[in-house]
Amino acid sequence: MSNVSRRSDVTQKHAIEHGDELLPKFDDRGLLTAVVTDSDSGEVLMVAFMNAEALAKTRETGHAHFWSRSRQTLWMKGESSGNVLEVQEMLVDCDQDAFVLKVRPTGPTCHTGARSCFYRRVEGAGLTPASR
């Protein structure tokens with residue numbers, strides 16, 4: 001590796017970690033992780049994946065959009081149920097490969113009808129309802 005490319009790698013790493021420019025680092029499938037929390041309570045509501053289009057649509061509309069790995073399609077949370085996630089704030093981690101979306105949910109977040117997708121706790125060898 002030449003000194004120039006090493007320097008540009010260092011410069012890029014510094015820009016990602018310390019700069020003020022959004023430079024999302026998508027994985028080899030073009031995705032990054034999005035952790036969704038309630039903006040008021042801080043409760044974790046769901047974890048999903050975003051591609052570049054989902055990130056752009058979320059920023060453009062203020063409603064959380066994700067990439068469905070199983071359906072291979074872009075989707076807006078609540079597009080069929082009406083339980084949209086209104087994004088109040090987006091945080092990005094130091095590597096810009098994961099986001100936290102602080103949202104105001106307009107209804108249950110989980111497709112099961114639960115407020116959060118994290119409604120069970122691991123206890124021993126099984127699962128029990130999580131306390132709120």
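Threonine 109 lies in the loop between S6 and strand S7 (120-123), where helices (H or I, at least four residues) and strands (E, at least two) are DSSP runs numbered from the N terminus. At 1% relative accessibility, threonine 109 counts as buried, a word that stands for under 20% relative accessible area, with exposed meaning over 50% and partly exposed in between (1.4 Å probe, protein chains only). This is a predicted model, in which local features need pLDDT of at least 70 and side-chain atom pairs count only at pLDDT 80 or more, while totals for chains, interfaces and linings use all residues. Residues are numbered from 1 along each chain as its sequence is written, and side-chain values use heavy atoms, with hydrogens and water left out.

**Surroundings of threonine 109**

- Not counting residues up to four places away in sequence, threonine 109 touches Leu45, Met46, Lys77, Leu85, Ala114 and Arg115, contact being defined as heavy atoms within 4.5 Å.
- Methionine 46, counted with that same exclusion of residues up to four places away, touches Thr109 in turn, and its other partners include Phe66, Trp75, Cys117 and Phe118.

**The chain as a whole**

- The chain contains 2 helices and 8 strands, and read along the sequence these follow the pattern α-β-β-α-β-β-β-β-β-β.
- Along its principal axes the C-alpha trace spans about 55 × 40 × 30 Å, and 30% of the 132 residues count as buried.
- Among contacts between residues at least 6 apart in sequence, 40% join residues at least 24 apart.
- The accessible surface comes to about 8300 Å², of which 51% belongs to carbon and sulfur atoms, as calculated by the Shrake-Rupley method with a 1.4 Å probe, only the protein chains shown counting as cover for residues.

**The largest nonpolar core**

- The largest nonpolar core has 17 residues, and those with the most contacts inside it are Val36, Met46, Met50, Phe66, Leu85, Leu101 and Val103; such a core is a set of buried Ala, Val, Leu, Ile, Met, Phe, Trp, Tyr and Cys residues joined through side-chain atoms within 4.5 Å.
- At least two residues of this core are supplied by each of strand S1 (32-38), strand S2 (44-50), helix H2 (52-61), strand S5 (85-92) and strand S6 (98-105), and S2 gives the most, with 4 residues.
- In soluble globular proteins, nonpolar side chains tend to be buried together.

**Valine 103**

- Valine 103 is found in strand S6 and is buried, with a relative accessible area of 0%.
- Leaving aside neighbours within four places in sequence, valine 103 is in contact with residues that include Val36, Leu45, Leu85 and Val87.
- The C-alpha atoms of valine 103 and leucine 91 are separated by 11 Å, the two residues being 12 apart along the chain.

**Histidine 65**

- Histidine 65 has its place in strand S3 (residues 65-68) and is buried, with a relative accessible area of 7%.
- A polar atom of the side chain of histidine 65 lies 2.8 Å from the backbone oxygen of histidine 63.
- Once neighbours within four places in sequence are left aside, histidine 65 is in contact with Met50, Ala54, Lys57, Thr58, Leu74, Trp75 and Met76.

**Glycine 126**

- Glycine 126 belongs to strand S8 (residues 126-129) and is partly exposed, with a relative accessible area of 28%.
- Glycine 126 and histidine 18 are 108 residues apart in sequence and, C-alpha to C-alpha, 43 Å apart in space.

Conventions
Polar contact = N/O pair within 3.5 Å; in protein donor to acceptor, adjacent residues only side chain to side chain.
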